[in-house]
Each structure stands twice: as C-alpha cells, then as structure tokens.
Amino acid sequence: MGLEKLFYPSSIAIVGASRQPGKIGYIILKNLIEYGFKGKIYPVNPNATEILGLKCYPRVSAIPEPVDVVVVSVPAPKVPDVIEDAGKAGAKFAVIIASGFKEVGNVELEERVVEIAHKYGMRILGPNIFGYVYTPSKINATFGPRDVIPGNVAFVSQSGALGIALMGTTILEGIGVSAIISIGNKSDLDDADFLEFFESDPNTGVVLIYMEGVKDGKRFVEAAAKTTLKKPVIVIKSGRTEVGARAAASHTGALAGDIAVYESAFKQSGVLMAKSVEEAFDWVKALAWNPVPEGENLVVITNGGGAGVQASDTFADDGIALRTPPKDLVENLKKFLPSFAAFANPIDLTGMATPEWYYKALYEALKNPDVHAITVLYCRTQLADPMDVAKAILNAINDAGVKKPLTVSLIGGEDVYQAIRFLTQHRIATYPTPERAAHAMAALYHYKWNREYVAKRLEYLKS
C-alpha cells in the first residue's frame, strides 16, 4: 500500500483527544483544525461528548464513516486495543504519538502493535513521535508549532524533541516545507517508504532526514539513489561516534552502526551528509531556492578582501577551484569600478563599494552566459547601508530576469541581520559569514556531481 491516504486523507481521528489545553491530545486536535485541514476530523475520547466544537466518539469503530488516518495519543499499554479497534473499523494508517516502546526496552509491545496493524492491512508511523505535517493537504497533526510555512522541503526526523525544535527553525529561517514527518522508532514505516513517496511528489523539491539508524540499508540506498536523480537528499547522520551511537540506542532504540558503512551508502546513493543541524539548514536554503549549476564557472563578488579569501579557502576545501572571470564580464565591470578594484576571482569591488556597484556587478554577472553561479559577499561599511545593498541584490536579480545559483553573505551587526532576513524572505539564500555562503554554494555543486555519479552508476549496473 502506498502512502497517498496518509498524505491525502479524507478523514482523521484523534484517539486521546483532550478537553484540557496543554495536553498533547488537545494540541494535536487544535493544530489540525486551525491549520485548515478540509477533511473530516473526529475526536475520540470515551469521557467526552464534544471537544473544540466537534462531536466526540468513544472509539474509532463508533465513528459512522470509514477513517483513513488514526492519530493515537494514549498511554502505551492501551495502544494495542486502539489499533485492534481501528483496524476492524478499516483505518489505513495509525500515527502513534505514544512513547514507552522499544526505546525503553518494550520491544515485545511494539512488535505486537505492528502485528495487529498488519493483520488489518494498516501501516504504522511511529511510535514515539510528535506527529506529521503535509502542507498541500493543510495537515498539521503534531503537538509542535502550528504556523508551518508551506514550501518544497520535506523533513523527516527520527528525533521527536529535535524535530519539534527544527519545525520552529524552519519558521524562523523562512524555510517553507511540504512535509514534516516524525518517524521515531520506525516500527513499520521508515525512511525508504517516505523517500519513495517524495521521489515523485510534485510538492517536494528537497528531502532532509535526521537519522540515527536504518533497518534495511539496501532498500534505503535504492530509494535514495532514485530520489537523488530528481531532487537532493540531505542526511544529518547522528551517532557518528561511539558515544553518540550509545545515545541513539537509548533514545529511539536505533542501532547506529559503523559510520564508514553509512558514508559508503550515502556515496552510492548520492546523499549529501551533513555533520550539523546548522550545516544541513544552510544547504537546504541553497538547494531549495536555487537551480542546479549548469557549469563550473563560479564567480565571487565582494567588497572585502578578507571575506573573499575566507570564501576562496572554503571553496578550495570543498573541492571547488575559482576560475578566471570571463573577459567580457571584466570589461563591463571596469566601466564603473575604480582602477584599483581587483578583477580576478574573487572580484573585489573595494571598501568604497556602493549599493549601485553591487547592483551593476551582480546584474552583469547574471546576464553573462559564461557565469554559471555567483556568491556575493558584503562587509558592513558606512558607504553602503546593508538594507540598501540587500535591495540592490534583489533588484539586480529581478531586473536581470535570469535564474542562476546564488548565495549571499552579509557580515556585520544588528542592521545587517535585518538585511539577511529581508533577502531570506525573498528566498535568496543568505548567511552571516562568508564561509557558510561558500559552503552552501558548494553543496549545490556536490549535488550536481552526486547526481551525475549516481546516473552513471545505475547505468553501469543495468549493463
């Protein structure tokens, strides 16, 4: 059975829906209603007749119509009976919020829940999760933040608390999501199931996974490789060290495994492996808001030599060599820049750079067919207000009418951060340091190369 009814359900029941604000069953129900789900919502609580204006039912089987998804928020010992009842009623998916299963040694209870579900053809998401979001269907069946921004990033997290926190990060960073999936103990549905769905999901352009371990490595590699051919897959692999692996085992019951095995699997499938949350979200912004580079000619534009050097070093560390800029680009830049500007790569506009210079330089680089990607760096000066520079960058992009990979770094104090936020709101991947802007651009190139490698590898395996 595919996952269509999980993401496009006609009805959702909340077992354990509560009348008390602050309770998980209350928050999930409220989020689902207020985020705008258009299907039918059924609160299930034997001790209530109505919650949040909706008629309440004593059990799933008492609901007069079939239910596609059952969200289960009751204590772990009660879960088998709920699954049995929901299965008999014909539910397709159970999203089990409850904890107290494999992660605390209750393996037998978890296996029993899955066995009951499969007896009725039902699939299980969880347990030990915070729920799930799918913005195209206006589903927010979580006890996390409500106002998730719609977009094209699908986020799958094995950690519940970290996943909820990162829901907030997507809102703060202005990153729009198609889906947020809390996957927890992965008793049934796992990363590969969701990769298979997101591979062909027209609403998803980038997949980000926080992973502690996998059940079936071969299946994951196959699913990730197919997805990588169409869209980037980023994995934050936790448990990379012995200490971290022990923490993962006690957290979700995951067997983290040898990191070298994971690195090999990620290489075979074209996955980008991030070592930190910050790195992963930096890459997500660059990959979600930019096209893939069409060529290797990357140009750096800066008003500070030091920032340019830091970006150059980062590119070199990431295996990217900056080439000499096209001659016609340099000639056009010389028409308005001072003679002491540097026209190598990075192109240094000098500390005298004005917003107008930034506009003209970026416009010329965007219009030049031999420039394939651009990183713009700005160090705070009194000659160029950061918001004016940000607006100049946006205007150059709009006026050039050309979509090329672009990352930006604006470096300075509080007013600079306002300019970063401005560009981020306009889906321009912007960062507070030159290293992060360069590293994010490198991720675009690494995805381009990974995709080419995977395509060749799959072609070889077919022959």
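**Helices, loops and buried residues**

Modeller: Let us begin with helix α12 (residues 327–334), whose buried residues are Leu-329, Val-330 and Leu-333. Buried means under 20% relative accessible area, exposed means over 50%, and partly exposed lies in between, with a 1.4 Å probe and protein chains only. Helices (H or I, at least four residues) and strands (E, at least two) are DSSP runs, numbered from the N terminus.

Biologist: How do the buried residues of α12 fall when seen down the axis?

Modeller: They fall within an arc of 100°, so they line one face of the helix. The arc is that of the directions from the helix axis to the C-beta atoms.

Biologist: What do the buried residues of α12 pack against?

Modeller: They pack against β15 (298–302), β16 (347–348) and α13 (355–367). Contact here means heavy atoms within 4.5 Å.

Biologist: Before we continue, where does the model come from, and how are residues numbered?

Modeller: This is a predicted model, in which local features need pLDDT of at least 70 and side-chain atom pairs count only at pLDDT 80 or more, while totals for chains, interfaces and linings use all residues. Residues are numbered from 1 along each chain as its sequence is written, and side-chain values use heavy atoms, with hydrogens and water left out.

Biologist: Now the whole protein. How many helices and strands are there?

Modeller: The protein has 16 helices and 19 strands. Its radius of gyration is 25 Å, close to the 23 Å that the globule rule gives for 463 residues, so the protein is as compact as a globular protein of that length. The radius is taken over C-alpha atoms, and the globule rule is 2.2 Å times the number of residues to the power 0.38.

Biologist: What box do the C-alpha atoms fill?

Modeller: Taken along the principal axes, the box is roughly 80 × 55 × 40 Å. Of the 463 residues, 57% are buried.

Biologist: And what about contacts between residues at least 6 apart in sequence?

Modeller: Of those contacts, 76% join residues at least 24 apart.

Biologist: Back to helices. Is α3 enclosed or open, and why?

Modeller: Helix α3 (residues 79–88) is largely enclosed by the rest of the structure, because eight of its 10 residues are buried. Among them are Val-79, Pro-80, Val-82 and Ile-83, and also the charged-type residues Glu-84 and Asp-85. The buried residues of α3 pack against β1 (11–15), β5 (69–72), β6 (93–96), α4 (107–119) and β7. Just after α3, Gly-90 takes a positive phi of about 90°.

Biologist: Which residues other than glycine have a positive phi?

Modeller: Leu-52 is one of them, with phi near 50°, and Lys-138 is another, with phi near 55°. Most residues other than glycine have a negative phi, and most peptide bonds are trans.

Biologist: Where are Leu-52 and Lys-138?

Modeller: Leu-52 is in the loop between β3 and β4 (54–55), and Lys-138 is in the loop between β8 and β9 (139–142). Leu-52 is partly exposed at 37% relative accessible area, and Lys-138 is also partly exposed, at 39%.

Biologist: Next, Val-376. Buried or exposed?

Modeller: Val-376 is buried, at 2% relative accessibility. This residue is in strand β17 (residues 373–379). Not counting residues up to four places away in sequence, Val-376 touches residues including Ile-301, Tyr-358, Leu-362 and Ile-393.

Biologist: How far apart are the C-alpha atoms of Val-376 and Ile-301?

Modeller: They are separated by 4.8 Å, although the two residues are 75 residues apart along the chain.

Biologist: And Thr-49, buried or exposed?

Modeller: Thr-49 is exposed, with a relative accessible area of 66%. It sits in the loop between β2 (40–44) and β3 (50–51). Leaving aside neighbours within four places in sequence, Thr-49 is in contact with Leu-54, Lys-55 and Cys-56.
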